[in-house]
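These are my notebook entries on one protein structure.

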Amino acid sequence: VTHLAGQYPQMFKGVVARNPVTNIASMTGITDITDWTFNEAGQTYDWLHAKPETLVSMWEKSPICHIEKIEAPIFLMIGSKDLRVPASNGVEFYHSLKAL
C-alpha cells in the first residue's frame, strides 16, 4: 500500500501499513530472503552481493522512490520481531516522510 500511495496519491485519504517493504535496496543485505528482493526488482539472483546497477533497479522499484508524491497520512506499524522485513525498512521510510 505504501507503493500505491506514492504512485496514485489522489486515491488515498489515509494509509495503514504493517511492517512494509519500503526500500528493497536497503533490505537486500540484511534480510534472510535476499532472493526475494532480487526477484521483486526483476533481477536474477546469483548468490552474490548486489551490484550497484542492481541496487539502483531495486531502489526504482521501491515505495521510497515515490515518497515525495505521497499526500495521505501514513500510519506505520513496525515490529521488531518480523523475521522477513527488518524494522529498519519502516524506520527509514518514516524518517524520509518526516524530512519532507
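**Entry 1: Thr 2**

I began with Thr 2, which is buried at a relative accessible area of 3%. Here buried means under 20% relative accessible area, exposed means over 50%, and partly exposed is in between (1.4 Å probe, protein chains only). The model is predicted, so I noted that local features need pLDDT of at least 70, that side-chain atom pairs count only at pLDDT 80 or more, and that totals for chains, interfaces and linings use all residues. I also noted that residues are numbered from 1 along each chain as its sequence is written, and that side-chain values use heavy atoms, with hydrogens and water left out.

Thr 2 belongs to helix 1, residues 2–7. Helices (H or I, at least four residues) and strands (E, at least two) are DSSP runs, numbered from the N terminus. I then asked which residues Thr 2 touches, not counting residues up to four places away in sequence. I found Ala 17, Pro 20, Val 21, Thr 22, Pro 63, Ile 70 and Phe 93. A contact means heavy atoms within 4.5 Å.

**Entry 2: Two positive phi values**

I recalled that most residues other than glycine have a negative phi. Against this I looked up Asn 19, which is not a glycine and has a positive phi of about 45 degrees. Asn 19 sits in the loop between strand 1 (15–18) and helix 2. Its relative accessibility is 16%, so Asn 19 counts as buried.

Trp 47 is a residue other than glycine, and its phi is also positive, near 70 degrees. I located Trp 47 in the loop between helix 3 and helix 4 (52–60). Is Trp 47 buried or exposed? With a relative accessible area of 72%, Trp 47 is exposed.

**Entry 3: The salt bridge**

Side chains of opposite charge can pair when their charged atoms come close. I searched the whole structure and noted 1 salt bridge, defined as a side-chain nitrogen of Lys or Arg within 4 Å of a carboxyl oxygen of Asp or Glu. Which side chains meet in it? They are those of Asp 32 and Arg 84, at 2.3 Å from N to O. Asp 32 is in the loop between helix 2 (24–27) and helix 3 (34–40), and Arg 84 is in the loop between strand 2 (74–77) and helix 5 (87–99), so the pair ties together parts that are 52 residues apart in sequence. I checked the exposure of both partners: Asp 32 is partly exposed at 49% relative accessibility, and Arg 84 is partly exposed with a relative accessible area of 42%.

**Entry 4: Distances along the chain and in space**

I looked up Glu 40 in helix 3 and recorded that Glu 40 is partly exposed, with a relative accessible area of 40%. Leaving aside neighbours within four places in sequence, Glu 40 is in contact with Ile 24 and Lys 61. The C-alpha atoms of Glu 40 and Ser 62 are separated by 9.1 Å, while the two residues are 22 residues apart along the chain.

Lys 69 lies in the loop between helix 4 and strand 2 and is partly exposed at a relative accessible area of 45%. Not counting residues up to four places away in sequence, Lys 69 touches Ala 5, Gly 6 and Pro 9. From C-alpha to C-alpha, Lys 69 and Val 21 are 18 Å apart in space, and they are 48 residues apart in sequence.

Ser 96 is part of helix 5. The relative accessible area of Ser 96 is 22%, which makes it partly exposed. Ser 96 touches Ile 64 and Ile 67, not counting residues up to four places away in sequence. Ser 96 and Lys 81 are 15 residues apart in sequence, and their C-alpha atoms are 22 Å apart.

**Entry 5: The whole chain**

How many helices and strands does the protein have? I counted 5 helices and 2 strands, in the order α-β-α-α-α-β-α from the N terminus on. The radius of gyration is 13 Å, close to the 13 Å that the globule rule gives for 100 residues, so the protein is as compact as a globular protein of that length. This radius is taken over C-alpha atoms, and the globule rule is 2.2 Å times the number of residues to the power 0.38.

Of the 100 residues, 37% count as buried. Among contacts with a separation of 6 or more, residues 24 or more positions apart account for 63%.
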